[in-house]
Amino acid sequence: MPASIAPSRKKSAPLSASAAALALSCALGLTAVTPAFADTGKHDADKPPAKMSTVGGELLGRPGTQVRLAAGAPALPKKLSAKSWIVSDAESGDVLAAHNAHWQLPPASTLKMLFADTVLPKFPRTTTHKVVPSDLAGMGAGSSKVGIKEGYTYTVHDLWLGVFLRSGNDAVHVLSAMNDGVAETVKEMQAHAEELRADDTHVVSPDGYDMPGQHSSAYDLSLFARSGLQKKDFREYCSTPRAEFPKKQKEGKTTERFQIQNTDKLLTGYPGLPAYQGLAGVKNGYTSHAGNTYTGVAERDGKVLLVTVMAPKPDESHAVYREAARLLDWGFRADGKVTPVGHLVPPRGADPSASASDGAAKSTPNPARGAAQASAADDGDRSGGIGIALGITGGVLALVAGAVFVVRRKWPLEARGPKS
C-alpha cells in the first residue's frame, strides 16, 4: 500500500459532561469546575482552525488525521472521538500519527507537567515548608486537592506526591508560594514553554484550572512530558501508583499518614478498565471546560511511545484512557510500518537554527559539547529524545537494578538548578 495521508472526515461534536459523570469526577478528585465555564455544553470551537502551527512539520498544521501507512501497517483504531491526539516515539521524536495536533485547547491538569518540569528542579525533596494561609489563597472553587492543611509542615517530596498522584491544586499553590508566588511561577512556566518551542501554550494558572485565555495542544503536552521524563524525580513521581501522605501532625512532626492513589487509571487500573501493561505515567486531567485530557508514556519490547489525547466524547466510560490505550496499541503494532508525519522538536536553546516559524528544523549534535554529544551524533540527525529502559510488572513500574529510566540525551539540556 503506498504511503498516504488520511484526513479525518468526521466533524467534532460539542463535548458536554452529564451530571452523573461530573459527580463521579468530583468524587475521584479530578474535577475543577470554574463558574465562568461550568455547564456551557461547549469547550471551544466545534472545528479546528483551518491553519495551525507547523512546528514539528507541515502536516501537523493541517486539520484532521495525519498518518502515512506503509505496506502491512495496521489501520488506525475506529473508536477515536477526541478533538485532538498524537502518538509519537519518545526516543526519536518521530510522530507516528496525529489528529489536530496543534489545536489550541484547554489542557486541564495535564498542564501540571509543565509546572513540574519548570519548578521541580529548584527544591531538594527534603526541603520543608510550613503552610500559611496566603499559600492557598486564590485557589479556584472546586479545585482538586490532596488535603494540605494550614499550619502543617510538609516536605517538598510530600508536595510533589500531592501534585502527581492526586492532582492537588493545593500542593501546586504551596510550591508556587515557595517559588516566589503564582504570578512568578506562571511567568517562568511560560518562558519554559517558549524554550521548549511549545508555541500553542499560553499559561494563566499553574495548576491547569480553567482560566480565560489558557490553552495548550496535544503536541505541546507531549513536549512537556518528554522534557519532564529526562528528570529522575519527575519519572519517579509520575510513575508512582500509591503513596502515604501526612494526615495528622503534632509540633510540626507527622504522627499519622493516609494512603493516596494516583488518579491515572491506566497506571493503577479501575473496575472495568485494566492497567495498561508497560505504562509508566505521565498525567491526566479533567475540568468542566476542558473535558478529559491525558498524556501517557509506555514501553513494549524496547520501544517507548508517548500518547496525548484531548477532549474525547463522553460516550463510553473513561473514554480518554480507552482511546489512549487504543492509540498506544496501534503505535506498537505500527512500529516500522509507518512513515512519520512530523517530529517532536528539541528546545530552542539546543538548536541554533530553531525559530517559531522553522517547524521542520532538526538538531545536529555539536561535537564541541563533549563526549556525550559525540556519542549522540552516532545515532543520526534526529530531534532530541530519551532512551528508556523500563521494568514493568502488571502495568506498574518496577525498579530494576536501581534505575527507572536510562536517559540517552540527543540534545544538550542545560542544567537548571539542583539535579533531580
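Start by selecting Glu256, which is partly exposed at a relative accessible area of 31%; here buried means under 20% relative accessible area, exposed over 50%, and partly exposed in between, using a 1.4 Å probe and protein chains only. Its salt-bridge partner is Lys247, with the closest N and O atoms 3.6 Å apart. A salt bridge here is a side-chain nitrogen of Lys or Arg within 4 Å of a carboxyl oxygen of Asp or Glu. Lys247 is partly exposed too, at 34%.

Before you click further, some ground rules. This is a predicted model, so local features need pLDDT of at least 70 and side-chain atom pairs count only at pLDDT 80 or more, while totals for chains, interfaces and linings use all residues. Residues are numbered from 1 along each chain as its sequence is written, and side-chain values use heavy atoms, with hydrogens and water left out.

Now pick Arg257 and Asp158, whose side chains meet in a salt bridge at 3.5 Å, N to O. Arg257 sits in strand β7 (residues 253-261) and Asp158 in helix α3, 99 residues apart, so this pair links distant parts of the chain. How accessible is each end? Arg257 is partly exposed at 39%, whereas Asp158 is buried at 4%. Helices (H or I, at least four residues) and strands (E, at least two) are DSSP runs, numbered from the N terminus.

Jump next to Asp199 and Arg348, which meet at 3.0 Å, N to O. Both ends are in loops: Asp199 between α5 (182-195) and α6, Arg348 between β11 (342-343) and α10 (371-377), 149 residues apart. Asp199 is partly exposed at 31%, and Arg348 is partly exposed at 24%.

**Into the cores**

A nonpolar core is a set of buried Ala, Val, Leu, Ile, Met, Phe, Trp, Tyr and Cys residues joined through side-chain atoms within 4.5 Å. The largest has 65 residues, and Ile148, Trp160, Phe164, Tyr219, Phe224 and Phe234 touch the most other members. Helix α3 (residues 156-166) gives the most to this core, with seven residues.

Ser227 lies in helix α6 (residues 218-228) and is buried, at 3%. Beyond its neighbours within four places in sequence, Ser227 is in contact with Asp117, His192 and Leu196.

**Along α9**

Colour residues 319-333 for helix α9. At 1.5 Å a residue, its 15 residues should span 21 Å, and its end C-alpha atoms are 21 Å apart, which agrees; the expected span is 1.5 Å times one less than the number of residues. Twelve of the 15 residues are buried, among them Tyr321, Arg322, Glu323, Trp330 and Phe332.

**Last stop: confidence**

Finally, colour by pLDDT, the predictor's confidence in each residue, from 0 to 100. The chain averages 79, and 73% of the residues score at least 70. Over residues 1-43 the pLDDT is below 50, and that stretch has 93 contacts in the model beyond near neighbours in sequence. Residues 354-420 are also below 50, with 150 such contacts. Where pLDDT is low, the predicted coordinates should not be read in detail.

Definitions and conventions. Contact = heavy atoms within 4.5 Å.
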